[in-house]
Amino acid sequence: MNQPGESFYVTTPIYYVNDRPHIGHAYTTLLADVLARYHRLLGVDTHFLTGTDEHGQKVAQAASDAGRSPREQADATVVRFQELWQKLGITHDDFIRTTEPRHTAVVQEILSELYERGEIYADSYAGWYSVGEERFFTDKELVDGKDPISGRPVEWLEEKAYFFRMGKYQQWLVDYIENNPEFIQPEHRRNETLGFLRKPLGDLCISRPKSRVSWGIDLPFDADYVCYVWFDALVNYISAIGYRRDDAGFARWWPARYHLIGKDILTTHTVYWPTMLHAMGLPMPKTIFAHGWWLVQAEKMSKTAGNVIDPIALCDKYGVDPLRYFLMAEMTLGQDASFSELGFAERYNADLAGDLGNMLNRVIRLIHSSFGGALPEPGPSEAVDQELSELALAAAAEMQQAVETMALDRGLQKVAEVVRGCNKYFEQTAPWKLAKSEAEADRVRLGTVLYSAAEALRIASGLLYPVMPTKMAAYRRILGVAGDEAEPHLDQLKQWGRLPAKGACGQLEGLFPRIDIKALEKELGLSAEAKPSGKSQAKQAKQAKQAKKDKQAAENVVIGIDQFRQVSLRTARVLEAEPVEGADRLLKLQIELGQERRQLVAGIAQHYRPEEVVGRTIVVVANLAPATIRGVESCGMLLAAKVGKTLRLVGVDGEIDSGAEVS
Ligand code: MSP
């Protein structure tokens with residue numbers, strides 16, 4: 001939690017300029033933007049940094065593929081990120097490119113100093129080198145003699161190299177992580193790093209010979225080498241805010257409140273970076289927060305998987321703010337989330353076109369028809385009015401807490417409850433009936449009801465402002481929010497009665513036009529059965545009955561070994577588990593299957609709590625056709641033994657890698 005008077009410095013990873021950005025990149029930057037905007041709304045001194053990682057083999061390779069120099073590659077690609085951030089309404093205070101002299105010079109100074117102090121030393125290095133991954137692997141790490149990440153061939157290399165004495169900080173780091181529970185979040189990522197640190201920590205090779213990789217920052221003490229791209233990149237978080245250049249600026253922002261990262265870059269941020277900072281004598285960032293991945297049909301969205309979603313196309317089709325809202329509301333921080341255009345459209349229709357847009361229409365229409373568009377003055381308050389105001393004010397407090405505890409989706413749910421509360425309030429007070437009455441008492445009551453509903457929406461829209469700044473500014477104008485409050489401050493959202501009575505409300509603009517789901521399904525080539533509609537649920541029940549019959553029949557059938565061999569059974573490690581909303585028997589699991597990650601849905605929720613399965617090695621049918629279960633993608637099936645009401649997961653006797661064949 002931010003202490004009074006403390007600044008809020010938030011960073012994103014700096015993105016490689018090897019390709020154009022996708023929704024995954026957009027997500028981390030949006031998350032940082034929303035956090036920065038909430039902190040500004042709280043009146044906290046805020047600094048938000050993003051940028052690009054422009055050195056190293058990945059960028060050099062992309063440049064050579066495109067037939068240009070690495071610098072041309074960086075210059076051409078950085079624009080894609082900058083354009084996207086502008087389009088998405090990102091309010092970063094600074095954008096750093098690692099090729100800028102303000103960064104390269106600081107990296108060189110750090111290298112020189114650490115070298116002089118003996119924290120960096122020369123030695124020889126031998127191992128299996130993968131050009132694709134730009135790193136060495138040990139014998140044990142190879143899979144079928146190939147790079148375990150890309151599956152490409154590796155070559156044996158032996159060369160002089162420079163090392164950072166990372167290993168000597170191992171115990172210090174373990175102690176630091178253990179004594180500072182906030183340092184790595186969420187908890188399961190903290191455990192992952194502590195698990196990694198149970199094995200001996202070696203020193204970090206921080207050099208690359210120019211003969212192999214020439215696109216990097218020169219090592220100041222050896223002209224034949226450039227700096228390893230990660231050692232260079234991580235320094236951006238301090239070079240950008242004036243480390244060694246502007247002491248006052250640096251002291252204002254460091255230590256960072258959050259380094260936001262995807263879970264794919266946990267080790268570099270929670271092992272390399274802290275030990276580097278410690279060697280430099282600098283304090284640790286307060287929290288390194290790793291969010292999950294955006295998956296498309298259970299696979300990580302990535303260029304390699306060929307399943308990237310273009311954020312620009314979605315913005316052009318549906319608008320920027322709905323996309324911002326969806327990404328923030330859909331992902332529970334720390335867990336993976338699935339992206340589908342249909343899922344987006346359904347949520348948009350329910351939350352935005354439906355609840356939020358609809359409620360504004362109902363309130364404003366009545367204000368126009370009954371009060372000529374001037375917000376009525378509230379009369380005496382009744383218990384229902386009180387309830388609504390309490391709900392809205394509680395949401396303001398809860399949103400603040402949600403921001404401080406990185407539970408944005410929960411905060412957004414609270415706001416949605418306010419909007420639904422308004423709806424219920426309308427049903428209870430029936431203003432449309434009051435509007436038809438000639439009695440003065442009813443007119444006064446109508447004024448109170450419309451004022452209260454508008455107030456609740458003022459608070460809800462203010463709380464949503466950091467997520468949907470453009471739409472919420474328009475929403476608030478329509479509500480008649482006073483000019484200087486259009487961009488809200490949290491204090492104002494914790495007070496009831498700030499809307500100026502007699503103030504003019506705007507005209508309705510159709511802020512969230514409904515998406516035609518049928519037309520979209522057709523456009524996406526999706527059949528009705530793909531969705532968990534009432535109809536398909538009936539179909540699923542029929543299928544389940546059939547499956548039961550098949551199972552009984554199967555017990556009497558003898559199969560040949562060839563038939564059995566068609567089933568690929570493998571071990572898998574459960575990385576994450578969570579309940580499936582609205583389905584009390586199901587758990588959604590993220591599993592590791594060798595080098596692959598997958599999602600599967602299992603009917604074990606009545607037998608195992610999520611935390612009981614995380615970390616287990618289970619057995620799965622790996623080649624089962626993917627299915628959508630209650631709207632959630634499931635790729636594979638786990639094995640469990642069942643008798644009566646008892647169910648036990650099938651496991652293995654002792655330790656074995658995930659992905660191992662079970663036969
Ligand atoms: N250049 C390094 C980071 C250096 S930071 C000092 C890098 N760059 S990257 O371009 O590959 O971006 C990685 C980041 O993009 C992830 O950590 C995550 O924040 C975001 N994402 C990329 N794909 C993603 C998903 N499919 N889902 C969510 N975010 C992911 O690694």
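1. Helices in this note are DSSP runs (H or I) of at least four residues, and strands are DSSP runs (E) of at least two, both numbered from the N terminus. The model under discussion is predicted. In these terms, Met-406 belongs to the loop that links helix 14 (383–404) to helix 15 (408–429). The phi angle of Met-406 is near 55 degrees, which is a positive value in a residue other than glycine. Most residues other than glycine have a negative phi.

2. Two cis peptide bonds deserve mention. Gln-185 and Pro-186 are joined by a cis peptide bond with omega at about -10 degrees. Pro-186 sits in the loop between strand 8 (184–185) and helix 6. A cis peptide bond also joins Trp-254 to Pro-255, where omega is about 5 degrees. The loop containing Pro-255 runs between helix 9 (247–253) and strand 13 (258–262). Most peptide bonds are trans.

3. Helix 6 (residues 187–196) also takes part in a helix pair. Its axis and that of helix 5 (residues 170–179) come within 10 Å and cross at roughly 160 degrees. Because angles over 145 degrees count as roughly antiparallel, helix 5 is roughly antiparallel to helix 6. The crossing of these two helices is left-handed. From helix 5, Val-174, Ile-177 and Glu-178 meet Arg-190, Thr-193 and Leu-194 of helix 6. This contact of helix 5 with helix 6 comprises three nonpolar, one polar and two charged residues.

4. How do helix 12 and helix 13 pack, and at what angle? The axes of helix 12 (residues 320–330) and helix 13 (residues 341–371) are 10 Å apart, and the angle is about 100 degrees. The two helices are therefore roughly perpendicular to each other, since the range for that class is 65 to 115 degrees. On the helix 12 side, the contact involves Pro-322, Leu-323, Tyr-325, Phe-326, Ala-329 and Glu-330; on the helix 13 side, Gly-343, Phe-344, Arg-347, Tyr-348, Asp-351 and Leu-352. By class, eight residues in the contact of helix 12 with helix 13 are nonpolar, one is polar and three are charged.

5. The ligand is surrounded by 24 residues, of which Ile-14, Thr-28, Asp-53, Gly-262 and Trp-294 are the closest. The side chain of Thr-28 places an N or O atom 2.7 Å from an oxygen atom of the ligand. For Asp-53, a polar side-chain atom is 2.7 Å from a nitrogen atom of the ligand. Met-301 contributes through its backbone: an N or O atom there lies 3.0 Å from a nitrogen atom of the ligand.

Definitions and conventions
Residues numbered from 1 in each chain as written. Predicted model: local features only at pLDDT ≥ 70, side-chain atom pairs only at ≥ 80, totals over all residues. Heavy atoms only, no water. Axes fitted to C-alpha atoms, helices over the stretch in contact; angles between N-to-C directions. Parallel < 35°, antiparallel > 145°, perpendicular 65-115°, else oblique. Left-handed = near helix turned anticlockwise from the far one by under 90°. Contact = heavy atoms within 4.5 Å. Nonpolar A, V, L, I, M, F, W, Y, C, P; charged D, E, K, R; others polar. Near = heavy atom within 4 Å. Polar contact = N/O pair within 3.5 Å; in protein donor to acceptor, adjacent residues only side chain to side chain.
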